[in-house]
Amino acid sequence: MLLDEVITEYLYDCKAKNFTEKTMKNKRLELKKFKIFIEEKRAITELESITPHDVRAYLRYKQNQGLQPQRKVKNI
């Protein structure tokens, strides 16, 4: 399954659970950053190809950035 499809379904599920707009905005932003990292740095586009190592690499990447406050990124 494509990562875009999974993200879309996850966000739909969150909206159905009545998450606040602020929470939804934060989720969209963080998932967009994760998607960019996975696609550009790891060359992965399908969910099944993501490994725990890839997720740890993303977390290290975020830590190396100092976990800066969220910046605006174009919506998914």
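The side chains of Lys35 and Asp4 form a salt bridge, 3.3 Å from N to O. A salt bridge here is a side-chain nitrogen of Lys or Arg within 4 Å of a carboxyl oxygen of Asp or Glu. This is a predicted model: local features need pLDDT of at least 70, side-chain atom pairs count only at pLDDT 80 or more, and totals for chains, interfaces and linings use all residues. Residues are numbered from 1 along each chain as its sequence is written, and side-chain values use heavy atoms, with hydrogens and water left out.

Back to the pair of Lys35 and Asp4. Helices are DSSP runs of H or I, at least four residues, numbered from the N terminus. Lys35 is buried, at 11% relative accessible area, while Asp4 is partly exposed at 36%. Buried means under 20%, exposed over 50%, and partly exposed in between, with a 1.4 Å probe and protein chains only. Asp4 and Lys35 also belong to a network of salt bridges with Glu39.

Next, Glu30 and Lys62, again a salt bridge at 3.3 Å, N to O. Glu30 is in helix α2 and Lys62 in helix α3 (residues 52-64), so this pair joins parts 32 residues apart in sequence. Lys62 is buried, at 9%; Glu30 is partly exposed, at 23%.

How many salt bridges are there by this rule? The count is seven. One of them joins Glu21 and Arg28, with the closest N and O atoms 2.7 Å apart.

Key. Helices (H or I, at least four residues) and strands (E, at least two) are DSSP runs, numbered from the N terminus.
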